Amino acid sequence: MSGTVRTARAIRQRRRPHGMPVPGDFAETGLVLPALEPGDALVENLWLSVDPYMRECMDGDWELDGLLEGRSIGRVIETRGPGLPVGSLVFHRDGWRTHTVLTARDARVLPRYDGIAPQSFLGLLGGTGLTAYVALTRIAQLRPGETLYISAAAGGVGTAAGQLARLLGAGRIVGSAGSAAKVRMLTEDLGFDAAFDHRAGPSVAARLAEAAPNGIDVCLDNVGGEHLEAAIGAMRESGRIAWCGAIAQYNASSAPAAPRNLFDLVAKSVRLEGFLVANHRDAQTELEEFLVPHLRSGRVTDRLSVTDGFERTVDAFLGMLRGENTGKSVVRLTPHG
């Protein structure tokens with residue numbers, strides 16, 4: 001990367017998907033980086049995040065053949081400004097590429113916590129963990145002793161929420177996942193009280209009723225559709241639903257028929273609230289102060305599903321959409337991260 005011309009590898013979106021994206025919707029390309037101006041820094045990306053929200057971006061938020069956006073962690077390898085010193089690790093949103101040029105206002109220099117891996121700032125200490133934390137503490141206001149249901153519980157937000165809920169004193173934690181192996185991981189490794197494979201039948205509502213026979217107080221929904229309908233049906237009086245995502249319909253050509261029981265929200269005085277974690281970035285310091293001691297002690301673990309190699313970024317993204325990951329899906333660009 002030395003000399004007057006700096007290049008990077010980048011992935012661009014070349015066409016809009018119809019249903020589930022395919023590898024041909026993307027293409028790798030070379031990228032000429034601008035010369036450093038005063039205040040700029042050259043950053044080598046070490047870790048990239050691939051997330052469900054990116055599927056919606058593909059439908060129009062991302063410009064075709066333009067540079068894509070995504071959470072990333074990189075190392076400053078050249079600088080022309082004191083705000084981003086050489087060697088510092090930074091969090092930024094210039095993902096889907098190997099290198100980028102940033103200013104201090106585009107990046108956050110990451111704090112160094114003894115015993116904490118930098119990639120955790122894409123997992124439990126990043127947007128994934130922050131989403132779960134905000135959902136439970138600010139949106140649903142989980143109280144000690146309450147029963148919590150988490151849909152897509154084996155994903156990044158789900159695994160984070162299950163562990164956070166235990167620290168916050170939840171009485172019973174129930175999760176849904178897409179395979180028997182994921183169900184075992186939730187109950188045997190992450191301390192869920194019960195979990196079920198939503199693909200095993202007879203219905204999500206029936207499986208949830210079996211796992212939480214006395215109903216639920218709080219739901220963190222990442223799926224929508226039938227999962228949200230089941231949660232509404234299982235809600236106790238004055239329950240709360242934090243709606244985080246709707247992965248069930250991201251690749252659908254039409255909206256799902258469910259939930260068909262929305263009026264039950266009125267009958268049970270249930271609150272359903274959607275939210276964007278981008279509106280709660282002020283909770284980042286609070287999250288770190290709460291979680292870092294538990295990460296150090298091993299009471300919580302950062303479940304990362306790691307794909308190695310920049311050339312496999314699209315594979316990681318598509319695999320995450322198919323539910324092949326357990327925990328947060330990330331791409332490691334260099335062998336030593």
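The questions and answers below go through selected parts of a predicted model.

Me: How are residues numbered, and which pLDDT values apply?
Reply: Residues count from 1 along each chain as its sequence is written, and side-chain values use heavy atoms, with hydrogens and water left out. In this predicted model, totals for chains, interfaces and linings use all residues, side-chain atom pairs count only at pLDDT 80 or more, and local features need pLDDT of at least 70.

Me: How many of the 10 residues of strand β3 are buried?
Reply: Helices (H or I, at least four residues) and strands (E, at least two) are DSSP runs, numbered from the N terminus. Buried means under 20% relative accessible area, exposed over 50%, and partly exposed in between, with a 1.4 Å probe and protein chains only. Strand β3 spans residues 40-49 and is mostly covered. The number of its residues that are buried is nine.

Me: Over how many bridges does β3 pair with strand β4?
Reply: Two strands pair if DSSP finds at least two bridges between them. β4 covers residues 72-79 and runs antiparallel to β3, with L42 opposite E78. The number of bridges between β3 and β4 is seven.

Me: Which residue in β15 stands opposite L48?
Reply: β3 also pairs in the antiparallel sense with β6 (residues 99-103) over five bridges, where V43 faces T100. With β15 (residues 328-332), β3 has three antiparallel bridges. The residue in β15 opposite L48 is V331.

Me: Which cysteine sulfur is nearest to that of C219, and how far away is it?
Reply: A disulfide is a pair of cysteine sulfur atoms within 2.5 Å, and by this rule the count comes to zero. C219 is in no disulfide, and it is buried at a relative accessible area of 1%. The nearest cysteine sulfur is that of C244, at 11 Å.

Me: Is T147 buried or exposed?
Reply: T147 lies in strand β8 (residues 147-150). Contact means heavy atoms within 4.5 Å; leaving aside neighbours within four places in sequence, T147 touches residues including R172, D217 and R236. Its relative accessibility is 7%, so T147 counts as buried.

Me: What kind of aromatic pair do F26 and W96 form?
Reply: Rings of Phe, Tyr and Trp (its six-membered ring) pair if their centres lie within 6.5 Å; planes under 30 degrees apart count as stacked, over 60 as edge-to-face and the rest as tilted. The count by this rule is seven aromatic pairs. For F26 and W96, the centres are 5.4 Å apart with 10° between the planes, and the pair is stacked.

Me: How many residues apart in sequence are the parts that F26 and W96 tie together?
Reply: F26 lies in strand β2 (residues 26-33), whereas W96 lies in the loop between β5 (89-92) and β6. Both residues are buried. The parts tied together by this pair are therefore apart in sequence by 70 residues.

Me: Which residues do ring pairs link into a cluster with W96?
Reply: The rings of W62 and W96 have centres 5.7 Å apart and planes at 75°, so this pair is edge-to-face. W62 and W96 are both buried. Ring pairs link W96 into a cluster with F26, W62 and F317.

Me: What arc do the buried residues V204, R207, L208 and A211 cover around the axis of α5?
Reply: These four residues are buried in helix α5 (residues 204-211). The arc is that of the directions from the helix axis to the C-beta atoms. They lie on the same side of α5, because the arc they cover is only 100°.
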